[in-house]
2 protein chains.
Amino acid sequence: MNFQISNKIAGIKPSAIREILKLSADPNIIAFSAGNPAPQAFPVEEIRRWSAEILEQEPVLALQYSVSEGYPPLREALEEFLQKRYGIAKEGNQIIVTTGAEQGLDLICKVLCNEGDQVLCESPSFVGALNTFRSYNAKLVGVEMEADGVNTEHMERLLQTNPRIKFMYLIPNFQNPTGITMSLEKRKKVLELSAKYNVPVVEDNPYGDLRFAGEDVPSIKALDTTGSVIYCGSFSKVLSPGMRVGYLCAPQKLTPSLAVAKQCTDVHTAMLPQLICHRFLTQLDFESHIARCRSIYGEKYHLMARCIGEEFSQKVQVTTPQGGLFLWCTLPKGQDVMAFAQKALAQGVAIVPGNAFLVDEKESTTSFRLNYATPSQQDIQTGIAVLGRLTKEM
Amino acid sequence: MNFQISNKIAGIKPSAIREILKLSADPNIIAFSAGNPAPQAFPVEEIRRWSAEILEQEPVLALQYSVSEGYPPLREALEEFLQKRYGIAKEGNQIIVTTGAEQGLDLICKVLCNEGDQVLCESPSFVGALNTFRSYNAKLVGVEMEADGVNTEHMERLLQTNPRIKFMYLIPNFQNPTGITMSLEKRKKVLELSAKYNVPVVEDNPYGDLRFAGEDVPSIKALDTTGSVIYCGSFSKVLSPGMRVGYLCAPQKLTPSLAVAKQCTDVHTAMLPQLICHRFLTQLDFESHIARCRSIYGEKYHLMARCIGEEFSQKVQVTTPQGGLFLWCTLPKGQDVMAFAQKALAQGVAIVPGNAFLVDEKESTTSFRLNYATPSQQDIQTGIAVLGRLTKEM
């Protein structure tokens, strides 16, 4: 049998990150390459207790089919959480529980994009999202990043000249891969452009609760007065990514279509994880759990930043994130970052070359991404020393 | 903000079944409408024990990100299971774990269909699958059903005249919604047509282990000598649908593309459910568990069939499934099955009108589907008496 692969899938390479992740499973490799959160932050004891309670008290609820939109008490708890934590109004919005935030992006693209439509993305951006959009034959339009978020003049020029942009995909807090946070002014400007060009905003906020420095900036969805923002959240970074539970908070007129797309995709998200997430939101002291997460991430970030300061060549530029999982390093112009990554891997350290995150992977870049959340403190010190030597040999 | 809904999603109505399922949640309604398995068959004690063990022994494995193809020991256990239970060879095939079997169908469609391509389906067929294919703008081509499965002459005419058919979707055992099992001769003929027209077969087998009468018929995949069959399996009917764990056993040359599609869809399937399924396959006495399931399903089926024999008008035709969850009833020509279903609902009994399962929902039918697996024995007796009175009032 000769299988013909669809043009949607044939064009996508297996995600560079996930291929490197497979290598990173080798315990001899120091993996700065993963997108993984810190396992020390998982509330294992609580998850154990909740899981036992659920299977004792409501086994059939946990094991039987359920509704596509998600477990209703979890949806209500999420409404409360988003209102209290981010000032996102319940009125006019509805929650759809998704199988990880990635599925949220998949459903949005399925619902809003026809073949050949365009998606405006930060460039660089989260490779998983870019590949999801590519898997719908959406054309990616990349907007330049600056130290305080997207270049909004560039964004407006792109909106003027690309009439088939169906939404803009933004990660305003501690962006993956750069660690950059968008300023309040730019968030307001983005909303202005969204209204002016009638292009919805998809606000992806997986890292927003992991701030270890500076002050919270209001969520774009909380600033929205025209119902143009679809907010995409996740339990992956504050509870557990292996649970695969995320959610969309979307304008009410969009949620029936999102629910149809969800029905067609996996019927509903696994119930035991949904019930655990419900207990996480309603039974845990969220503030003290998050404070613990922040201190784990902050400590690891500061260690990596200090080691970089001590070990890296001064010619390497490094971002200074105030939260999240990632640092973005840029080698001097003319350097070959792919060769640099291969040398690092040969010496036992995995990093992700920046090309993986570009809207056009063939574009040239000298940047790479480092994850400080997953590796141990010892591995951070050892791994940065290896990378430091390589930067000085350039 | 005015959202424009994609043409893929705008054309799909919320699944009639899932909308009726919502009504069925009303405890005062006798729900013959659900696709749910019998909750009495869930091995609750074991799931409780496995879950506690997993979170005690390997919490980080259960809670951290994993690989898109699925938990490797689960994939190995599935290879063993498929070889032993169904005679499906490991050689040349690979397993991809999916978020329910529905996602398996979603990934196949994403990988094999371009816009406007066609999918050949049994008509009637499982509405969830039909909607998944519709959500890719695939055109459905329906092949007639006979008492021993698809009309293979009709199938060949359709293959000759529709060059854009990218795969044929078949449920050979206890088909949803009809309960029909495809004969061995027809399975062989399907493979012959698949090879002749170079069209892959998607064999969906969620109910195959729930046989309570007659003898097993070999799986199409086990009969395949040309590598043309993608087998789609599920833990939903033998373990728990709320877990959302299914799997594909696909020819090796197709699995890299399926893995890319999976990466773009939900990264990977939830780990705690995968680890529970792994223990289900490796630690449970499968034969005695399945024997227990079969006796639950057989008892309920025989009760419903007896009640139908006693209560229904002789003018109603009813299929005689040898396993699975569903019965298919056909009212005499000229009857309005939608009105019949509405009358039944007004008297507290939910059924699914046959239109929901047709390739073209506007086509006329007088059939409806009954689920005997979910309702209690008392509800089966009461509900069939209500339907029986309605058939006699026609």
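1. Let's start with a word you'll need: a residue is called buried when its relative accessible area is under 20%, exposed when that area is over 50%, and partly exposed in between (1.4 Å probe, protein chains only). B:Pro353 has 7% relative accessibility, so this residue counts as buried.

2. Some ground rules. This is a predicted model, where local features need pLDDT of at least 70 and side-chain atom pairs count only at pLDDT 80 or more, while totals for chains, interfaces and linings use all residues; side-chain values use heavy atoms, with hydrogens and water left out. Residues are numbered from 1 along each chain as its sequence is written, and chains are lettered from A and ligands numbered from 1 in the order in which they are written.

3. How confident is the predictor? pLDDT is its confidence in each residue, from 0 to 100; chain A averages 94, and 97% of the residues score at least 70. For the complex, the predictor gives an ipTM of 0.95 and a pTM of 0.96.

4. What about the interface? Of the area chain B buries against chain A, 12% comes from B:Met1, B:Phe3 and B:Leu63, more than from any other three residues.

5. Look at the sheet in chain B next. Eight strands make an open, mixed sheet in the order β2-β9-β8-β7-β6-β3-β4-β5. Strands (E, at least two residues) and helices (H or I, at least four) are DSSP runs numbered from the N terminus, and two strands pair if DSSP finds at least two bridges between them. At the edges stand β2 (93–98) and β5 (149–150) of chain B, each with a single partner strand, so one side of each has no neighbour in the sheet.

6. Which strand does β2(B) run antiparallel to? That is β9 (residues 246–251) of chain B, joined to β2(B) by six bridges. B:Ile96 has B:Leu248 as its bridge partner in β9(B).

How values were computed: pLDDT = per-residue confidence, 0-100. Buried area = accessible area lost by both parts, 1.4 Å probe.
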